[in-house]
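Trainee: I have a structure open and some questions about it. Can we go through a few parts?

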Amino acid sequence: MAGAKLARLSDREGMALGVGLNARGALEIVIATVGLRLDVLNSRSFTVIVLMAMATSMAAPPLLRLVLRNFDGSPSERRRLDQEHQLAANKLVGGGRILLPTRGGVASLLAAQVAGLVWPTGSVSLLTIGSEGRPGASPVRDVLGNLEVLDITSMSESAAQAIVDEAALGYEAIVIGCSGARTDGLFSPLVDAVLSTSPVPVLVVRMPRLGDGTLPWAFGSALVPVSARDSSLAGQEVAAYLSSAIGTQLHHLYVSTGPTSALVPIFGDYGARTASTRQVLDGAARLATRVGANFASDVVYAENPARQILMTAHELAVDLVVVSGIVRHSGDHLFPGQTIERIVNETNTALIVALTPERPA
């Protein structure tokens, strides 16, 4: 309890600490047994020590329950436990290790900025492909926030293979940046190769296609399409934690492709009376509220979801679009779905795409 006072813990925490550390168990019995064999202790001393170990060990649990009855912990401890509970329930942002490949370019800076804002806890391995100590890696390291950073260098001739091999060593996700330049593939040859074989989810952070490509980028508003698919949750999590960190205004957009007769206009937040629509948007709202994000929700009927998402992004003049899906292959072609593919090809704003590997049936 005295130690707890020195650490400025509350009286309740100090009492719990004292009771918990007061238990004598196996170590004391081992010491008593050795002392008896060495004739340092007699049988009476040995009996006293064993009885003390038994009494204190048996008394600790009920005393701890008594001391901590109706005690929820300090505010900081409650926040920590709530955060751990939230991260454990997430699909993508779980507070584990993430891998951030870099060549020191501007795209890596944006990816590192997003990783530092989205992941509240955990660690990041900064994988530099090529020569060790590349000067461009230092700015990338500086924008990673409070994450623990581990530097890794790979001399592999294949950058994509080096990234995938490292990701297979127990990482939660890969966060990789790419420029906004148009290519024949989905993002870039390197990013597409990583997406094709990655064993873990990949968060692709693409720079805006408009502008001079210099830092910093400010994400004042973001459009987040939501749906009933589990793959939609990854994008919602990324956007919610980003908003919680820097106050980005999120626009949750549910695009309904059902018959118009199923949508009944009402005076409310969602604009539709269907239970499935409310369930999806309520889930997105709960997630955003839980992490302290700023958000608004809207429902739109459209035959083409991708076109509607692009139109809404243009009308709202958002700084960022966040989408998520599953990586599939159509022959040699990387196919994340028609909606995501069109958004990637046609949007000019900054873009975050969370793609999860397709699991075998």
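Trainee: Is Ile246 buried, partly exposed or exposed?

Mentor: Ile246 is partly exposed, with a relative accessible area of 41%. Buried means under 20% relative accessible area, exposed over 50%, and partly exposed in between, with a 1.4 Å probe and protein chains only. Before going on: this is a predicted model, where local features need pLDDT of at least 70, side-chain atom pairs count only at pLDDT 80 or more, and totals for chains, interfaces and linings use all residues. Residues are numbered from 1 along each chain as its sequence is written, and side-chain values use heavy atoms, with hydrogens and water left out.

Trainee: Where does Ile246 lie, and what does it touch?

Mentor: Ile246 lies in helix α10 (residues 232-246). Helices (H or I, at least four residues) and strands (E, at least two) are DSSP runs, numbered from the N terminus. Leaving out residues up to four places away in sequence, Ile246 touches Leu117 and Phe219; contact means heavy atoms within 4.5 Å.

Trainee: Next, strand β1. Why is β1 largely enclosed?

Mentor: Strand β1 covers residues 97-102, and five of its six residues are buried, so the rest of the structure largely encloses it.

Trainee: Which strands are joined to β1 by bridges?

Mentor: Six bridges join β1 to strand β2 (residues 123-129), and these two run parallel. Strand β4 (residues 173-178) is also parallel to β1, with two bridges between them. Two strands pair if DSSP finds at least two bridges between them.

Trainee: Different topic. Where is Thr347 found, and is it buried or exposed?

Mentor: Thr347 is in the loop between α13 (338-346) and β11 (350-357). Thr347 is buried, with a relative accessible area of 5%.

Trainee: And what does Thr347 touch?

Mentor: Not counting residues up to four places away in sequence, Thr347 touches Arg206, Arg209, Leu310 and Val321.

Trainee: Last one. What is the C-alpha to C-alpha distance between Ile246 and Val118?

Mentor: Ile246 and Val118 are 9.9 Å apart in space, C-alpha to C-alpha, and 128 residues apart in sequence.
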